[in-house]
Amino acid sequence: MLTANLAAKLQGLLGATRVTAVEDALPSFAVDGISPAAIIQPASAEEVAEVVRFAASEGLAIVSCGSRSKLELGMPPARYDIALDMTGLCRIAHYDAGDLTLSVDAGMPLRQLEQALAEKQQFLPLAVPCFETSTVGGAVASGIDSVLRQQYGTARDFLIGAEFVDGTGRICKSGGRVVKNVTGYDLHKLLIGSLGTLCVITRLNFRTFPLAQVSGGHLVSFVGVDGALAFRRGVEAAGLPLSNLEVFSPGTAAILAAILRSAKSGVPLGLEQGRWCVYASHEGNTAVVERISRELEKFAHDTGATNCEPLDQSADESLGGMLREAFEWLRFASPAVLLLRVALPEFSAEVSADLSDILKANSMRGAFLLRARGVVYFLAQGDSDEGAALDRLEKTARDVRRLTAEKQGHATLLHAPLALKSRASIWAGADENISLMRRVKQAFDPQGLFAPGRFWGGL
Amino acid sequence: MTASLLRDLKSLLGPSNVLHQKEDLMLYEYDGSVEKGRPDVVVFPHTTEDVSRIVKLAAKHHVPIVGRGAGTGLSGGALARGGGVMIVFARMNRILEIDLENQRAVVQPGVVNLDITSAVEKAGLYFAPDPSSQKSCTIGGNVAENAGGPHTLAYGVTVNHIAALELVLPDGEIVRVGSKHGDSSGYDLCGLFVGSEGTLALVTEITVKLARKPEAVKTLLAIFDAVDDASLTVAEITARGITPAACEMLDGWTLRVVEDYVHAGFPRDSAAVLLVELEGLHEAAETQAEAVVDVCRTHCAREVRVAKDERERELLWKGRKNAFGALGRLAPTNYVLDGVIPRSKLPQALQHIQEIGKKYGFAIGNIFHAGDGNLHPIVLYDSRDAKALEKAIAASEEIIRYCVDLGGALTGEHGVGMEKNELMTLMFSEADFDLMRRVHDAFNPDSSLNPGKVFPLSKGCGEIRVKAKDMMGSNR
């Protein structure tokens, strides 16, 4: 009944062609198995505001979606009435290439944006998983890592402003379209990783970056984690500007090799030998790339690497592209997967051993991937999402959380079987600042319309 | 202010950490801006717990609070607009922890910006944000204002270098936001609090990110016979995809004043100089320097000097860094403005600023961060002449309005404070203010922290004003 009435009312707002309430279509907008009652596709910020005001008057919950590739980040929604399909907002509003600034609608696909920027020899370092389909708004709201964060940081470092619709149904903005600006509160920073719980993002402003003339990559492998970490420390201390510097365990290397094989791409030798690997990519002019290559080879030698493989352009693009998609293949590595993003003061050999011990104690296979400083992806591979196997995954999650807490770090859930996500007690108290975050949520979304329950702590 | 609050503060902190005589308070009624606001009492906490207790006492007595570092701010952010208790962080000035391996330092808010770099530079590290006042300004003030500096062109402003904060909320609660390593989970509260100009919380501890010093630095000084040529050079450097670490401009009027005082070697008959710095690996800095020289020559630079060593580099920077001191020789007061424009619009903006100067009868110099479009027009006037101040403010407003009209912003690094709060309506709608006010009230519901800042107070904005305390029955 709700569905029929709601669809009719939404059609009254934006017209029949923009609303879908056909039962078969709804599951494609489901979040953790929960489907909306209707899908609506606005084409402007004003239309978004209209839908939000309607939802506010009726007390309906909205989940805004881009390509829906990362909707499983976060918790299942407590309520979900309207799916707001944002792909209708997909224009570049301003692109001032001479100023290296960009203002783009939230529903613009990243791949399409990449092409537009490449025409001016520029790019946006938002190289996130599901790149082929992701929208710029979804990428920012998901808070997922860009594989280029080693050099370019996170969206926080290049998002310069935003336009969005708040919970009162009004179009608001913060920041601007200039690269340096301290006017007013930086509300747009709060949108990064907010999972659509604060507002509906309609437009984002970024600084863009010049494309490098040439790039290169190396895959360096080691018998043990110590060597890989010593190599990483060495190249960082030398101040070598690397766009990508990832350390991964033999488990990760094996998964990656299998994927490259199935994609009929060449598999770099280093991935095949059960070794710890470091992928280092770099860019600049020819002299810079040659210099970095020489230095990487020297560090590899000095830290006892078993192999240091310069990658040709195609191998480099293929490996770099696969690492960008790590979140995607790690979460589908086994029938039941627990994937955590662990922040620790230092990923040492000791921490690696502790994490391995946790896997062993819970009879679990697993893998690690160290991305940029202090960011580790921890994968535990279970056989099933039921019964004792699920309990073992839960125990693993608790053990990792305990370990990270002891080391003054923390662990954030990226992926788990739904049955495990629903055991909310594991994730409760995920952040000591939940009361402060509740205040922010209340300020943006006083009625709790936006993706209620999707954020940590029930927000 | 009541005698009982003063008694309570003295008993909490000891008499040597409390100032309340008029002649003492006068030292705290101004900062680097043209604004004034005298506190009723100044206190010097030594610990976070002191701060929390002071805040609770002030709340009990319904008295507003404002935090202050070194008082070098340029927008009145650290002035007691509503009187009340001023918390000066000068005695919370210890570096608590340095983690060289992970490039982090934990510091108290009263630590001077440059002292962080001094403490870690032997290890090849430094703290990147470098406001002109970095020899005296404090990191707490930098965080509150989200301070910038010449080298933020490549490395970003303060917020890009802050990992975590400890804060005291207006009810005295002590909280921590951000994460020393990696990302914090949840909303980016650290990103919200940095730059909130002391209107949401008081910062009592800061975890900063330390950057690694570049292997090579190339510093160039390009001399131009026409301001337009210098402006076009800046636009083309950006358009060619060259990212200098710094790109500063001094116009002819300013460089002559500076040259007379500093003797930095600027030709007195030139129309503008550009100071460009390129950093990175030797191979990158060299190539980029060559490209910048090429751009300068294309735009008719009369001469391009490249510093051969650190001594020459320092000489080139000397003129820039001592410019404000030099201007002090010409007029009793200089009013340094701070506006941002899209950098491709530099030529027209500089011309228009000169026209505004003529209209108001002021000489307006320009010495600014050209690379990121962050203008600092300087209006020279005599502050003893009330009419001159009024005119200076009117000229400033016209310049800032023009920046916004060009697609720019009210402030690039000085903050809104009480200098530009009435101009906020140029950039923000009622809906924007309403949301900002709700965020403000979520943390500072009674406006007890730094009242009268950031938000417009004028009657026209009655609906959007943040409740400033009724200037607390202040005795002034």
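Colleague: Before we start, what should I know about the model and the numbering?
Modeller: This is a predicted model, in which local features need pLDDT of at least 70 and side-chain atom pairs count only at pLDDT 80 or more, while totals for chains, interfaces and linings use all residues. Residues are numbered from 1 along each chain as its sequence is written, and chains are lettered from A and ligands numbered from 1 in the order in which they are written.

Colleague: How many residues of chain A are in contact with chain B?
Modeller: On the chain A side there are 59 residues, in contact with 64 residues of chain B, where contact requires that the C-beta atoms of two residues, placed from the backbone, lie within 7 Å.

Colleague: And which element gives the largest share on the chain A side?
Modeller: That is H15(A), with seven residues; helices and strands here are DSSP runs, of at least four residues (H or I) and at least two (E) respectively, numbered from the N terminus.

Colleague: How do the residues on that side divide by type?
Modeller: The side of chain A that touches chain B has 25 nonpolar, 18 polar and 16 charged residues, with Ala, Val, Leu, Ile, Met, Phe, Trp, Tyr, Cys and Pro counted as nonpolar, Asp, Glu, Lys and Arg as charged, and the others, Gly among them, as polar.

Colleague: Switching to helices, at what angle do H8 and H10 of chain B cross?
Modeller: The axes of H8 (residues 227–239) and H10 (residues 282–298) of chain B cross at roughly 140 degrees and come within 9 Å, the axes being lines fitted to C-alpha atoms over the stretch in contact, with angles from 0 to 180 degrees between N-to-C directions. H8(B) and H10(B) are therefore oblique to each other, given that angles under 35 degrees count as roughly parallel, over 145 as roughly antiparallel, 65 to 115 as roughly perpendicular and the rest as oblique.

Colleague: Which residues make the contact?
Modeller: H8(B) contributes Thr233(B), Glu236(B) and Ile237(B), and H10(B) contributes Val292(B), Val295(B) and Cys296(B). Together, the residues of this contact divide into four nonpolar, one polar and one charged.

Colleague: What span should H13 of chain A have?
Modeller: Its 20 residues, 387–406, should span 28 Å at 1.5 Å a residue, and the end C-alpha atoms are 29 Å apart, which agrees; the expected span is 1.5 Å times one less than the number of residues.

Colleague: What comes after H13(A)?
Modeller: H13(A) is followed by Gln408(A), which lies in the loop between H13 and S19 of chain A and has a positive phi of about 60 degrees although it is not a glycine.

Colleague: Is Gln408(A) buried or exposed?
Modeller: Gln408(A) counts as exposed, with 12 C-beta neighbours inside 10 Å; the cut-offs are 20 or more other C-beta atoms within 10 Å for buried, 12 or fewer for exposed, and in between for partly exposed, with C-beta atoms placed from the backbone.

Colleague: And Glu197(B), buried or exposed?
Modeller: Glu197(B) counts as buried, with 26 C-beta neighbours inside 10 Å. Its phi is also positive, near 55 degrees, and Glu197(B) sits in the loop between H7 and S10 of chain B.

Colleague: Last one, what does Ile95(B) touch?
Modeller: Not counting residues up to four places away in sequence, Ile95(B) touches Ala105(B), Val107(B), Val111(B) and Ala119(B). Ile95(B) belongs to strand S5 of chain B and is partly exposed, with 17 other C-beta atoms within 10 Å.
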